[in-house]
Amino acid sequence: MRELTYREAVRDALVRALRRDESVFVMGEDIAEMGGSMAVTQGLLEEFGPKRIRNTPISEMAIVGSGIGAAIQGMRPVVEIMYEDFLTLSMEQLVNQAAKHRTMSGGQVKVPLTIRTQGGAGWSPGAQHAQQLESWFVHVPGLKVVFPSTPEDVRGLLWSSIYDDNPVVFFEHRTLYPIKGQVPTELEPIPLGKARIHRVGEDVTVVATGRLVHEALQAAEAAEGEGISVEVVDPRTLLPLDEETIVGSVRKTTRCVTAHEAVTRGGFGAELAAVIQHAAFDWLDAPIERVGAKFSPLPFSPVMEQWVVPHAADVLEAIRRTVARS
Amino acid sequence: MATVEERAEPGRRGVSSEVLRGFFREMLLIRRFEEKVEERFRAGELPGFLHVAIGQEAVATGVCAALAREDVFASTHRAHGHAIAKGTSVDKIMAELYGKAEGCSGGYGGSMHLYDLEVGNLGANAVVAGGLPGIVGAALAFQMREEKRVAVAFFGDGATNTGTFHESLNLAQLWKVPVIFVLENNGWAESTPAAQQLPLPVDQLGKRAAAFGMKLIEADGQDVEAVYLAALAARDHALAGKGPVLLHVRTFRLTGHFVGDPQVYRDREALKQERETKDPIRLLGARLELSDEDFAAIDAEVTAEVEASVEFARAGTDPKPEDALKYVYA
């Protein structure tokens, strides 16, 4: 084992894939000399050269679209969209092209494209540099959606995304880049569609993604002090979803809280709640609680920003509510 | 494809009449196919909705004749002609329009999503300009792997107003990837005429290339030989590593936007005149001095081919409903 930050773990997966085969290349805005706005791709240009580490114009549609075209020709492009807010500029290519080529062609075409992006509040970027839009993409047949929360997961899942034959939208959380974690010395691919149980518990299951995994673990710690045993599950891949692990956990604990930083309404928690109530209705002892951001564009002022997005305290409150029902 | 000897600079007449007769046959095949499609649609036999390329046959034939089999292209909602010209059989295309498993997209695509990877058809696209970025990416892959292939995007004048168009041409020129952007300028964005949607005079739309420092080649889109020679020159340019080309061809849509379009927005007299003076098949027939017997013989051949495609399609297999989910993921 060795220690890597989340940022280094992303880079490690990229470097290993770039070394392994020539079909992998990286493109995006400011990813070459500058090493990316989040410094994830630092050093890649020096090792792999400008042909494979390509700065692009500010053209999200063309970045994603040219990635699609290269992928269909057998390359494995990894494109970076600097902020997930900017995914909105590439939606046509993502939703109408990347996701649909395979079906529209009757199976003739594959699109092994990985779209890395990041977002998240906590540093007052304002309303257009911190959204959490992952649930939008879960609604699109043909895409896969990954949202890892730890260094080990981000590395193993990025590798699997690059080598998946489908378009994968890969979400990283900005505030997680500096966190450290133990990772295996050799990269171990983590299959898409497998959840991770971070903490085993008996009374309540918290299904959390991204930053909220860490908030949920803090909340679980606090709940323990109150005599509530909390299980924390991170789906890691939102599409496809490991329903078996999630439902199995809720059937055991009989209570569930979903938690993500994205706004609650229409968020991934809604899909989780629907899946869980259907598969575990007879096991549930309380309504499923959803934790997410308040329904507002992210305001700038730190005090407003922090009030809008959820924290460990919000997860803890939700845990208490589920327990209070019975 | 023409032999090297037959290649010539645009403007020079250098194509043998034998080659031109081949073009004539293919253009007439496209015309008869489109007419049959209109007929079967009006008879209620074809699902969905359709756009035919009547009047624009010389563009499809001229461009695709200049391409090698391993070259790729993306088409538009008006795709049948391109697909035929690049080498997909009318049987497979007609079967696709009937929604049959034998169709070139297995019944998953339909008229606006014709694919045929074997001949380099990367898909017709129902989003205006939607295919352009992918073509840039295909060309990027060819460039990175040092393959001598070009990628071609067909699109209309309406597409030049999209952000996708500008991003795609910008990126292609920046990276000097081997793309031919074929601007099929028929002067209509659906029902909206050039004067209401283009900031430039319709015949000067090629000026768009200058904004990117891109090579511009122009040809009369109703003259198949001119289109062919221009496309050969464009391909040579792109393969020489000199970057992409905007191939601007002025053409005429001699029908409505879609089958059944009443064209209330169109001047009847002007349309009648265009049909008389701008029909690329009529123009080529006159140039080749085809006798009535010659014409009838070619016509009988291609008409039979189209009739056979209808029989092929009708006899085709309906996909199993549950096969709908078969290709959502690879």
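1. Leu247(B), leaving aside neighbours within four places in sequence, is in contact with Ile180(B), Phe181(B), Val182(B), Leu183(B), Ile217(B), Ala230(B), Ala231(B) and Ala234(B); contact means C-beta atoms, placed from the backbone, within 7 Å. This is a predicted model, in which local features need pLDDT of at least 70, side-chain atom pairs count only at pLDDT 80 or more, and totals for chains, interfaces and linings use all residues. Residues are numbered from 1 along each chain as its sequence is written, with chains lettered from A and ligands numbered from 1 in the order in which they are written.

2. Leu247(B), with Val206(A) and Val179(B), has the most contacts inside the largest nonpolar core, a set of 198 residues. Such a core joins buried Ala, Val, Leu, Ile, Met, Phe, Trp, Tyr and Cys residues through C-beta atoms within 7 Å; buried means 20 or more other C-beta atoms within 10 Å of a residue's own. Helix 8 (residues 224-239) of chain B gives the most to this core, 11 residues. Because domain 1 (2-183) and domain 2 (196-324) of chain A both give residues to this core, it lies between them.

3. Those domain bounds come from an automatic or database domain assignment. The centres of domain 1 and domain 2 of chain A, taken over C-alpha atoms, are 26 Å apart. Their contact takes 23 residues from domain 1 of chain A and 25 residues from domain 2 of chain A.

4. Between the chains, 33 residues of chain B are in contact with 33 residues of chain A. Helix 5 of chain B gives the most to the chain B side, with nine residues; helices are DSSP runs (H or I, at least four residues), numbered from the N terminus.

Key
Two residues are in contact if their C-beta atoms, placed from the backbone, lie within 7 Å. Helices (H or I, at least four residues) and strands (E, at least two) are DSSP runs, numbered from the N terminus. A residue is buried if 20 or more other C-beta atoms lie within 10 Å of its own, exposed if 12 or fewer, and partly exposed in between; C-beta atoms are placed from the backbone.
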